[in-house]
Amino acid sequence: MNDFGEEQPIGARHYRAWVGPPEYYDRIGAIQFATLARMGLREHHKLLDVGCGSLRGGRLSIMYLRPGHYFGIEPTAWALEDGKRAHLGEELLAMKRPTFSNDADYTLTAFGETFDFILVHSVFAHAPAVQIRRCMQEARKVMGKQSVLLATYLESDEDHVGDEWVYPWVTEFRPETITQIVAEAGLKCVHLDLPHPFAQRWFAAVDPENDMDLAARAAGSEFTYESHLQDKLQHFGVPRRSYADYLREDLEKRTEDRTPR
């Protein structure tokens with residue numbers, strides 16, 4: 001398939017135009033994968049991509065993750081099938097072994113898996129509150145203590161009224177409403193300062209006992225040497241510790257050594 005749909009209007013029956021402006025298809029896909037990597041996605045993790053569409057971002061995650069570690073839900077079956085043909089083909093599908101569902105009711109338990117990361121990109125920008133609530137409640141069932149859900153929505157001073165999916169139009173919500181919906185599902189909501197070309201706002205949802213520094217991850221901490229050393233400690237069963245912890249211990253030891261006996 002070599003028709004990139006540049007002249008198609010948003011929402012047209014074309015695998016690129018169906019999910020947004022065709023001329024932004026590559027950039028939006030890159031933003032999805034870059035955000036996942038920035039927030040800690042590694043190749044051994046299992047990822048659930050809710051509303052994966054025509055694999056605009058999924059194609060990058062599928063290539064990055066180990067075989068069998070990508071899962072996607074997309075109700076619009078023809079868009080997903082066209083995306084699979086355009087981006088993967090039979091050989092890559094056989095090699096990377098992604099798993100898909102066409103469920104339209106946010107049944108995230110359908111795969112029988114617990115996921116390290118869940119991505120819900122540009123879904124809540126078209127969904128009513130009742131669907132966002134259903135998605136978050138389902139997400140809670142497939143998340144562990146260290147799992148991270150990343151999602152986008154459109155921020156407003158007022159909440160959208162209605163119970164229907166409105167694509168290609170949009171829905172908007174107050175940050176407090178998103179936080180409340182996440183809390184109702186038994187999760188903690190953290191709003192993140194991350195870029196998005198269409199001014200969608202990012203938030204993360206995690207287990208309330210999850211103490212990972214999500215703001216630091218958003219700032220790029222996962223790509224530092226300190227993070228590498230923390231990974232090494234964790235490999236040996238030692239809790240992750242910051243460089244500041246070591247400096248503090250060293251300072252305390254030196255102070256004790258100078259204390260008169």
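Predicted model: local features only at pLDDT ≥ 70, side-chain atom pairs only at ≥ 80, totals over all residues.
User: Where is glutamate 138 found, and is it buried or exposed?

Analyst: Glutamate 138 is found in helix α5, which spans residues 129-141. To judge burial, look at relative accessible area: buried means under 20%. Glutamate 138 has 3% relative accessibility, so it counts as buried.

User: Which residues does glutamate 138 touch, leaving out those up to four places away in sequence?

Analyst: With those left out, glutamate 138 touches Tyr106, Thr107, Leu108 and Thr109. With threonine 109 there is also a polar contact of 3.5 Å, joining the two side chains.

User: How many disulfides does a search of the whole structure find?

Analyst: For a disulfide, two cysteine sulfur atoms must be within 2.5 Å. The search of the whole structure finds zero. Take cysteine 135: its nearest cysteine sulfur belongs to cysteine 52 and is 13 Å away, and cysteine 135 is in no disulfide. Cysteine 189 is in no disulfide either, and the nearest cysteine sulfur to it, that of cysteine 135, is 13 Å away.

User: Which residues make a nonpolar surface patch?

Analyst: Tyr243, Tyr246 and Leu247 make one of about 320 Å². Leucine 247 lies in helix α9, residues 243-258. Leucine 247 has a relative accessible area of 46%, so it is partly exposed.

Terms used:
Residues numbered from 1 in each chain as written. Heavy atoms only, no water. Helix = DSSP H or I, 4+ residues; strand = E, 2+ residues; numbered from the N terminus. Buried < 20%, exposed > 50% of the residue type's maximum accessible area, 1.4 Å probe, protein only. Polar contact = N/O pair within 3.5 Å; in protein donor to acceptor, adjacent residues only side chain to side chain. Contact = heavy atoms within 4.5 Å. Patch = residues over 30% accessible without salt bridge, like charges linked within 9 Å, V, L, I, M, F, W, Y side chains within 5 Å. Areas by Shrake-Rupley, 256 points an atom, 1.4 Å probe, with all protein chains shown as cover. Salt bridge = Lys/Arg side-chain N within 4 Å of Asp/Glu carboxyl O.
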